[in-house]
Each structure stands twice: as C-alpha cells, then as structure tokens.
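My notebook is open, and a few side chains are on today's list.

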Amino acid sequence: MIYGYARCSTDEAKQDIERQKRELKEMGATDKTIYFEYASGAKVNRLELLKLLDIAKNGDTIVTTEISRLTRSTKQLCDIIQVIKGKQLKLVVKNSIVIDCTNGDIDPMTNAFLQISGVFAELERNMISERVKSGMANAKEKGKQIGRKPITADDVPQSFYKHYPKYKTGELNKRELSRICDISYPTVYKYLRIIEK
C-alpha cells in the first residue's frame, strides 16, 4: 500500500495543500491513502502523522513531497526513521531520497543524508521564526499595533451601557446581563473592567 503525507503550517484559508496532494497522487497515493493536516512541522503530536505511522504495515510505502512536510525537527525525524525501520516501511521523498527499510535495516549513508536534511529543515524553521520576531519588534518600535487592538469604552456596545445601571443596583446579575446583551459571560467581565476603571 502507498500512503501519502501532506502538511501545511496554517489553515486552508492561508495555505493551499492541494498541490502536495496532487504530487502525492502522482507518486502512487490515492485520496483514501493520503493523510494531511494543518499544523507546525515542529509539533510532535500531529494526529494525522501518528495515525499514518500507526496504520502502515510491513512493506508499505509512505510518500511525501519534502522532508520539511514530514517534520522540521531533527529529533523527530530520527524518531520517524526508527518507526519506519522498526515497521519495515519504505519512505520516498519526492525528487530527493528513497529510504527502503523493508528488510529491517537502513544504510549509513542514507541515514546520514536524511539527518542532514532534517537539520536544514529545522534551521529553516528557526530562521523563519527569527525573521517574524524581528519584524514584530521592528513594527512595535515604529509604533504599530501588534496583535489585537485593545478594547476601549467606545467598543462596548450601547445595549451594555443601557442595562449596566440595573446591574449596579442589583436588579441584574452577571449571567442575566450576559443573556440580555447577547454576549458571552467572559465578555461581561471584560466590559465591566473597562467601564469601572
């Protein structure tokens, strides 16, 4: 059986995973045998990858478009290689390398190449992270808002102001205020903090 694995870091609204799926089909996987998810490559417990590694049986092949789709952590790559070796699977990375452990072993040169690829995938992730942090620090230094805009008294809806006096006199409790204003219970606390500052 040929299984495919595809991954993007952010959701489908921001990244299109279809290219990877298309390439995995060209490598022999099918819609039913492709496992995909939106998660960081550094995350250890990715459900779809774990499912795939669990379901694959002796002699099966796992295909992926790049090492970085599989993981961006050298340690996790080593762990994945151990699973592939232990379950006697074959791993094919498009236009890169074939790791055939169907006989229960892996040659030292292939293992070294794979680990070096993992180091570069991890390095790339770390460099991206540093660029993002640097860009955020630069924007903050220029006075730009980072993250969500803080809520002010002007953002509190009029319905909350309308019913607030009843809350102050004890006619309404927080739950009732939440229901009447059609806002969540935590939002009531947020608005009260703003108004009562």
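Predicted model: local features only at pLDDT ≥ 70, side-chain atom pairs only at ≥ 80, totals over all residues.

I started with Arg19, which is partly exposed at 35% relative accessibility; I call a residue buried under 20% relative accessible area, exposed over 50% and partly exposed in between (1.4 Å probe, protein chains only). Residues are numbered from 1 along each chain as its sequence is written, and side-chain values use heavy atoms, without hydrogens and water.

Next I looked for a partner. Arg19 makes a salt bridge with Glu23, with the closest N and O atoms 3.1 Å apart; the rule is a side-chain nitrogen of Lys or Arg within 4 Å of a carboxyl oxygen of Asp or Glu. Both residues lie in helix H1, four residues apart, about one turn of the helix. For helices I take DSSP runs of H or I with at least four residues, for strands runs of E with at least two, numbered from the N terminus.

Is Glu23 buried or exposed? I found Glu23 buried, at 15% relative accessibility.

Glu23 also pairs with Lys94 (3.4 Å, N to O). That pair links distant parts of the chain, since Lys94 sits in the loop between strand E4 (90-93) and strand E5 (97-100), 71 residues from Glu23. Lys94 is partly exposed at 23%. I logged Arg19, Glu23 and Lys94 as a network of salt bridges.
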